[in-house]
Amino acid sequence: MLSVDRVSVRRGANMVLEDVSLSLAPSRTLAVVGESGAGKSTVINAVLGLVPCASGQITWNNAPVGLSRPALVMQEPRGAFNPRMSLRLSVMEPVTARGRAIDQSRLDRLCNGLEIAPDVLDRRPTEVSIGQAQRAGILRALIAAPPLVLFDEPLSALDAVTQKHTARLIAQMQLEEGFAALIVTHDLGYAAAFADDIAVLRAGRIEEVTASKAFVEAPQSNYGQILRDAAFALGALERVA
Amino acid sequence: MTISVTGLSATRSGRTILHSTNMEITPGERVGLVGASGSGKSTLGHALVDTLRAQGQSVAHVPQSPDEALDPMRSMAFHWREAEGALDLPADNSRQQGLFSALQIEGGDLRKRPWGWSRGMQQRFVIAMALIGTPDLLVMDEPTSALDPVVAAGTMDLLDAYLPSRKTALLLITHDLGLAALRVKRLMVMEAGRIVEDAPTAQVLSAPRTQAAKALCAHRNWLELPC
């Protein structure tokens with residue numbers, strides 16, 4: 001269980017997260033949504049210990065999160081890889097760093113589900129499209145079967161059809177392996193379809209945490225309602241008769 | 001003026017990435033260009049803009065990210081002056097204020113460089129620049145993908161209110177059929193460098209003919225995905 005307990009993060013004189021509390025159990029998915037600059041990515045950075053907490057505590061099963069070896073899908077697909085290494089070497093690092101052997105059938109299955117052609121992994125990040133790099137980032141996150149996966153805008157570089165195929169593969173892997181998924185996204189349609197709960201973040205504060213179906217029907221906060229209505233206006237959500 | 005082009009095509013490294021394409025867009029018409037990644041949407045958009053400019057027609061292009069349109073070392077005022085100069089238009093404060101008001105960026109400090117403005121305001125500034133010359137056609141390539149949903153919806157609403165009175169036609173390039181469904185009256189579906197379907201939006205959504213259109217329609221709604 002991931003526990004974010006009354007966490008505040010300061011950058012200079014500004015509080016970028018203020019008194020944020022969240023919890024996430026294995027096999028569950030929590031989506032964090034909000035406007036640009038609300039602090040969504042800072043939540044992920046704080047969970048990973050990449051930014052220090054000014055106050056509060058973040059744990060996984062009552063121990064430091066780092067001990068669980070969480071995986072991260074980074075927002076910038078190409079920048080997430082070492083430009084001097086092939087994607088294959090980077091993607092395998094979570095396995096080789098644990099001293100394990102590579103499970104070829106698992107790799108094949110994930111590549112197949114993520115529509116990554118075998119030769120793509122032998123290229124460097126600058127030699128593939130942004131969409132291919134993003135799918136390779138998801139492959140790297142899932143390859144070592146981590147208990148906690150943090151996704152920062154994981155589908156942003158994919159087209160509408162590939163987005164949905166990829167989201168479904170992630171959900172299928174989660175069903176089989178039971179990892180907890182924390183997703184930061186602008187896309188309320190994705191959040192509503194695949195997350196169990198939606199947390200709305202605004203100016204570093206949690207406005208509400210609501211079950212995703214209930215959120216689509218009736219957000220609890222004013223800002224949640226503005227976000228939900230914007231998603232309708234963009235066609236990211238549609239009113240289902 | 002009706003936009004009319006014939007025989008648009010493009011090759012890269014000897015490979016045809018846009019097959020010979022004809023297109024006609026009437027004044028004020030709102031057209032969506034949809035398709036999967038790599039289907040040739042942006043290539044067609046660039047070819048269309050280049051060809052129309054070469055023909056002397058008034059066309060403006062808004063790229064996916066404001067980073068592609070704004071020089072980080074130059075002030076916003078410089079960009080505005082440069083855009084006016086490119087169109088041989090004299091500085092006109094009332095025109096500027098009218099566009100800023102329409103796109104709700106009156107509060108922006110023009111002395112600042114792009115990074116002194118929020119992403120949403122940068123993108124609206126780029127759209128305002130594109131509208132300086134009241135173009136016959138505005139080509140927008142994934143205009144909302146870099147914006148958060150509230151800013152994105154607001155920007156599209158502002159354009160919906162502004163464009164009809166100017167008879168400016170819109171070509172909205174997007175992979176998001178949900179967005180196109182709400183914002184355009186006619187849809188062109190691209191696949192492998194060709195327009196494979198061109199019909200009123202309602203018709204494409206209710207009875208897609210081609211495989212590409214069927215795939216897009218089937219994956220249009222996150223909450224109703226095909227099994």
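1. A charge sits over a ring if NZ of Lys or CZ of Arg is within 6 Å of the ring centre and within 35 degrees of the ring normal. In this predicted model, the charged end of A:Lys164 meets that rule over the ring of B:Trp222, 4.8 Å from its centre. Another case lies in chain B, where the charged end of B:Arg74 sits over the ring of B:Phe78 at 4.2 Å from the centre.

2. A word on the aromatic rule: rings of Phe, Tyr and Trp (its six-membered ring) pair if their centres lie within 6.5 Å, and planes under 30 degrees apart count as stacked, over 60 as edge-to-face and the rest as tilted. That gives 7 aromatic pairs over all chains. One of them is A:Tyr190 with B:Trp222, tilted, with 5.2 Å centre to centre and 35 degrees between the planes. This pair crosses between chains, from helix α6 (residues 188–194) of chain A to the segment after α8 (211–218) of chain B; helices are DSSP runs (H or I, at least four residues), numbered from the N terminus. A:Tyr190 and B:Trp222 are both buried (under 20% relative accessible area, 1.4 Å probe, protein chains only).

3. Do have a look at B:Trp80 and B:Phe125 too: their ring centres are 5.7 Å apart and their planes at 55 degrees, so this pair is tilted. B:Trp80 belongs to helix α2 (residues 76–86) and B:Phe125 to helix α4 (residues 119–130), 45 residues apart in chain B. B:Trp80 is buried at 2% relative accessible area, and B:Phe125 is buried at 0%. Together with B:Phe100 and B:Trp117, these residues form one aromatic cluster.

4. Some housekeeping: residues are numbered from 1 along each chain as its sequence is written, and chains are lettered from A and ligands numbered from 1 in the order in which they are written. Local features need pLDDT of at least 70, side-chain atom pairs count only at pLDDT 80 or more, totals for chains, interfaces and linings use all residues, and side-chain values use heavy atoms, leaving out hydrogens and water.

Terms used:
Helices (H or I, at least four residues) and strands (E, at least two) are DSSP runs, numbered from the N terminus. Buried means under 20% relative accessible area, exposed over 50%, partly exposed in between (1.4 Å probe, protein chains only).
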